[in-house]
Amino acid sequence: MAIADVKDYAHLTDEEVEQLGRELDAIRAEIEESRSAADAAYINRLIKIQRGLATAGRVVLFASAHSKRAGKPAWALGTGLLGTAKILENMEIGHNVMHGQWDWMNDPEIHSSNWEWDTAQPAEQWKHSHNYVHHQFTNVLGHDNDIGYGILRMAREQKWHPFNLGQPVYNALLASLFQWGVALHDLDIEAIRKGKKDPKEMKRQLKQIWRKGRNQVLKDYVVYPALSGKNWKSTLTANATANFTHNVWSYMIIFCGHFPDGALHFTEEELEDETRSEWYLRQMLGSANFEGGPLLHVMSGSLGYQIEHHLFPDLPSNRYPEIAVRVRALCDKYDIPYTTGPLFKQYGQTLRTITKLSVPNSWTSSDQPEPPTPSIDRGRKTDDERPTRRSELGAWSRSASEVRA
Amino acid sequence: MCSLNFMPSWTRVRRAGSTLTTPLHPDDYLRLLNPLWSARELRGRIEEVVPETEDAATLVIQPGWGWHYDHRPGQYVGIGVQVDGKFQWRSYSVSSPPKRRRRTISISVRAMPEGLLSAHLVKELEPGTVVRLALPEGDFVLPDPPPPKILFLVGGSGITPVMAMLRTLDRRRTMPDVVLHYSSPNADRMIFRDELSDLEERHEGLAIHRLHTDTDGMLELAALDEICPDWRNRETWACGPGPMLDAITEHYEEAWLEKQLHLERFSLELGGDGGEGGSITFRNSNKTVEVDGATTVLEAGEQAGVGMPYGCRMGICHTCTLTLVSGRVRDLRSGDEYAQPNERVQTCITAAVGDCTLDI
């Protein structure tokens with residue numbers, strides 16, 4: 001069941017929701033106030049480790065290609081180092097820097113305005129499709145393109161089509177080619193299919209993707225293998241394996257953010273006259289955490305704290321664990337569900353949903369929990385009373401300006 | 001001269017190396033080996049902190065890659081220091097003469113009673129600290145060759161750029177007929193006291209007039225006729241506190257001599273017309289704020305809670321530069337307007353002219 005009004009679902013009065021909002025604002029203010037040299041040291045240390053791992057991986061692979069004795073163990077070691085470096089770079093560093101989590105340091109080298117990450121999607125497009133579209137319209141059907149990424153049917157409210165029968169296969173393909181799927185994400189395939197996309201904007205984006213993708217491919221599949229001389233094949237397969245690992249890992253972590261049971265979807269009505277506090281509530285109901293040790297959390301870009309990340313996308317990720325304790329206490333206090341579980345369970349539920357939704361609804365049952373109380377009609381505003389709101393997606397800000405080249 | 005030929009080719013090597021490090025630059029890795037091996041953001045290492053007076057010190061800095069050592073005597077540089085995790089920027093005049101061989105630059109800083117950063121620089125900065133730098137800027141410079149007759153009017157730490165000029169004249173052995181008036185609260189607080197006496201001894205052309213304002217009061221410009229009877233025939237450089245410079249400007253204007261007066265102020269004065277205001281949208285942060293024409297884009301972003309990068313806040317260091325996606329902004333200093341799509345604009349000295357959108 002998609003939720004039309006988060007307050008109804010969570011059986012809270014307006015006043016309670018506003019109070020919750022104030023408490024969350026207070027957490028934000030406190031964390032912002034206490035950002036210090038220790039936080040700066042965290043991200044700088046992480047960047048150092050990541051670049052060290054990447055260099056070590058490339059060097060070991062180079063050595064393994066040029067030495068007869070090193071052989072397979074060196075290949076495996078190099079691949080592992082490189083894959084780990086790529087995961088760290090994308091998740092805990094790139095994703096979080098581009099959210100502006102470290103902008104407060106006023107360091108142009110670690111800043112959302114110019115960070116570029118080691119993946120096929122250009123940073124500029126990611127910041128639009130992710131920071132804006134996904135984080136603003138989280139889990140709202142028809143608005144958040146991250147619900148199934150335009151190829152998977154992830155909510156029972158989405159209409160079934162025979163095309164969906166292939167979902168398990170598309171899912172496997174998406175997992176293994178994840179960065180390329182993400183690269184095309186901001187193009188908004190749905191809009192292109194419906195002929196709603198501005199062709200000039202599309203051309204500009206495609207050019208940007210082509211340039212970024214070309215450099216990425218050249219690096220991993222041409223230049224480094226070429227440096228390995230006649231053993232170019234071993235470097236090529238190592239790089240491909242590292243990229244594959246990083247694709248599958250990021251795919252799995254990201255799919256555990258909003259698709260496990262308990263992470264709810266919302267209808268467009270929820271967006272109408274939604275207050276800041278209701279937005280908070282929607283983020284809490286629409287996101288799912290997973291449990292694990294510090295290493296797992298760092299390797300997954302702190303997205304195991306998906307709920308906290310969605311409440312405060314631009315607070316430093318190293319502070320999420322302490323924020324989580326307080327958010328969880330708030331959930332208890334207001335009797336709001338806090339969805340979490342071990343990683344394998346969360347991903348298992350996601351996989352089950354992907355499979356179930358490949359067939360028509362009538363063949364399967366829903367795994368979503370029922371709302372705690374029946375919803376009440378609160379007499380929300382009619383369409384005429386509501387302010388108009390931009391509904392189109394994808395580069396809205398750019399197509400609005402005609403001066404753009 | 002071989003180092004001159006070496007540099008461009010080394011730059012070329014690094015550029016080629018970026019095919020291996022894309023989307024990063026080789027410098028992003030090299031700086032982890034040596035913090036000065038990066039030209040992405042200019043860096044420098046504090047080599048020495050030389051106390052000058054009780055509350056002033058000279059910082060000797062070894063700049064990293066990308067620094068050209070071609071500052072003109074009298075120019076200032078931006079220095080960015082991380083305090084509590086956050087880079088804070090200020091600008092200070094370079095006090096060392098332009099010299100390629102020594103590979104260091106010096107800036108002299110006086111700790112201001114309320115200036116947290118200047119106090120940090122003078123009292124807490126340890127040798128070895130890596131700081132960020134911004135390239136030299138400023139029109140308060142000495143021409144080469146220098147004019148035959150010069151008057152310097154200096155108050156307090158305003159001596160710093162003038163010191164760079166005097167050292168240059170000394171080093172190039174081109175000291176012309178120079179009169180220096182130097183106001184300072186008392187003898188102890190005179191930066192470069194000993195060096196100035198030494199210069200005065202060695203150069204016949206240099207005459208120094210010292211004024212201790214604690215005991216003898218502020219400089220009366222009417223007294224200029226006594227201190228330096230031929231001041232009307234001298235090219236003049238003045239640097240010091242705002243009120244002193246205002247008085248000097250007035251005095252020169254009354255004598256119709258403002259053309260031969262060069263001034264250096266340490267604070268930005270936003271003159272000219274403001275913008276027209278409008279609503280500024282910060283695209284990636286999804287925030288919009290309504291502002292008037294006197295509010296800079298930077299202030300607007302800070303009001304809206306956007307994590308704006310900034311440095312000097314006076315249009316020097318370009319740390320605050322962002323991409324203007326659409327709309328129009330006006331430079332509050334010059335009145336120039338920027339409206340090209342994707343133009344990079346300095347947010348600290350521009351204000352909105354109508355609605356505009358920035359990429360942050």
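In chain B, strand β1 (residues 43-53) and strand β2 (residues 56-63) run antiparallel and are joined by eight bridges. Helices (H or I, at least four residues) and strands (E, at least two) are DSSP runs, numbered from the N terminus. Two strands count as paired if DSSP finds at least two bridges between them. Within this pair, B:V49 has B:L59 in β2(B) as its bridge partner. The model is a predicted one, in which local features need pLDDT of at least 70 and side-chain atom pairs count only at pLDDT 80 or more, while totals for chains, interfaces and linings use all residues. Residues are numbered from 1 along each chain as its sequence is written, and chains are lettered from A and ligands numbered from 1 in the order in which they are written.

Both strands belong to an open sheet of six strands in chain B, ordered β4-β3-β6-β1-β2-β5, with antiparallel pairing. At its edges stand β4 (86-93) and β5 (105-110), each with a single partner strand, so one side of each has no neighbour in the sheet. On average, neighbouring strands are turned by 35° against each other, direction ignored. Helix α3 (residues 116-124) of chain B lies across β2, β3 (76-83), β4 and β5 of chain B and runs at about 85° to β3(B). Such angles run from 0 to 180 degrees between N-to-C directions, with axes fitted as lines to C-alpha atoms, for helices over the stretch in contact.

## A five-stranded sheet in chain B

Another open sheet of chain B has five strands in the order β13-β12-β19-β14-β17, with mixed pairing. Its edge strands are β13 (287-291) and β17 (343-346), each with a single partner strand, so one side of each is left without a neighbour in the sheet. The average twist from one strand to the next is 35°.

Strands β14 (residues 321-326) and β19 (residues 356-358) of chain B pair in the antiparallel sense over two bridges, and B:L324 stands opposite B:L358 in β19(B). Helix α9 (residues 297-304) of chain B lies across β12 (278-282), β13 and β19 of chain B, at about 125° to β13(B).

## Nonpolar cores

The largest nonpolar core has 131 residues, and B:V77, B:I107, B:V109, B:F152, B:V154 and B:V162 have the most contacts inside it. A nonpolar core is a set of buried Ala, Val, Leu, Ile, Met, Phe, Trp, Tyr and Cys residues joined through C-beta atoms within 7 Å. A residue is buried if 20 or more other C-beta atoms lie within 10 Å of its own, exposed if 12 or fewer, and partly exposed in between, with C-beta atoms placed from the backbone.

A second, separate core of 24 residues includes B:M308, B:Y310, B:C320 and B:C348.

## Where the chains meet

In chain A, 37 residues are in contact with 30 residues of chain B. Contact requires that the C-beta atoms of two residues, placed from the backbone, lie within 7 Å. The largest share of the side of chain A that touches chain B, six residues, comes from α3(A).
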